[in-house]
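Please keep the sequence and the picture in view while you read.

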Amino acid sequence: MRATTDWPEGVIARYLTHAAELLHDPDLTVDVAKGTEESTATCRGCGIRWRKWAYETGAVKQWAQQHAEKCRALPRPTA
Ligand SMILES: [Zn+2]
């Protein structure tokens with residue numbers, strides 16, 4: 001498997017999706033980012049985004065891990 005890519009600013013946790021495990025593609029992750037007001041989880045496979053207040057980051061991480069474990073989506077290839 002390739003080395004993971006750099007984490008974008010604000011990303012505090014990253015979970016490898018099921019598709020990433022199957023394809024050995026470390027770019028397929030669910031990223032958890034914490035801002036001043038809200039925390040978000042964004043799946044780089046299917047594009048779904050989930051958000052909660054910043055103080056609920058634990059719940060966002062939990063959702064991200066659960067989503068990552070079952071997400072088999074592949075992003076549409078770019079050019
Ligand atoms: Zn997904």
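Q: Among contacts in the protein chain between residues at least 6 apart in sequence, what percentage join residues at least 24 apart?
A: This is a predicted model, so the answer is computed from predicted positions. The contacts counted here are those in the protein chain between residues at least 6 apart in sequence, and the share of them that joins residues at least 24 apart is 36%.

Q: In what order do the elements of the protein chain run from the N terminus on?
A: The secondary structure of the chain comes to two helices and four strands. Read from the N terminus on, these elements follow the order β-α-β-β-β-α.

Q: What is the radius of gyration of the protein chain, and how does the globule rule bear on it?
A: For 79 residues the globule rule gives 12 Å, and the value for this chain is close to that, so the chain is as compact as a globular protein of that length. Along its principal axes the C-alpha trace spans about 35 × 25 × 25 Å. The radius of gyration itself is 12 Å.

Q: Which strands stand at the edges of the sheet?
A: Four strands form an open sheet with antiparallel pairing, in the order β1-β2-β3-β4. A strand at the edge has a single partner strand, so one side of it is left without a neighbour in the sheet, and the strands in that position are β1 and β4 (49-53).

Q: Which residue of β3 does aspartate 31 stand opposite?
A: Five bridges join β1 to β2, which run antiparallel, and arginine 14 stands opposite aspartate 31 in β2. Five bridges also join β2 to β3, again antiparallel, and these two strands form a hairpin with three residues between them. In this second pairing valine 30 stands opposite cysteine 43, while the residue opposite aspartate 31 is threonine 42.

Q: How many of the six residues of β2 are buried?
A: For the protein chain as a whole, 24% of the 79 residues count as buried. Strand β2 is mostly covered, and the number of its six residues that are buried is five.

Q: Which residues touch the most other members of the largest nonpolar core?
A: The largest nonpolar core has 14 residues, and the elements that give two or more residues to this core are β1 (11-16), α1 (18-23), β2 (29-34), β3 (38-43) and α2 (57-70). The members that touch the most others are Tyr15, Val30, Val32, Ala41, Ala64 and Ala68.

Q: Is valine 11 buried or partly exposed?
A: Valine 11 is found in strand β1, and, leaving aside its neighbours within four places in sequence, valine 11 is in contact with Asp31, Val32 and Ala33. The C-alpha atoms of valine 11 and alanine 41 are separated by 9.2 Å, although these residues are 30 residues apart along the chain. A residue needs 20 or more other C-beta atoms within 10 Å to be buried. Because valine 11 has 15 other C-beta atoms within 10 Å, valine 11 is partly exposed.

How values were computed: Residues numbered from 1 in each chain as written. Predicted model: local features only at pLDDT ≥ 70, side-chain atom pairs only at ≥ 80, totals over all residues. Core = buried A, V, L, I, M, F, W, Y, C linked by C-beta atoms within 7 Å. Buried ≥ 20, exposed ≤ 12 C-beta atoms within 10 Å, placed from the backbone. Rg over C-alpha atoms; globule rule 2.2 N^0.38 Å. Contact = placed C-beta atoms within 7 Å. Pairing = 2+ DSSP bridges.
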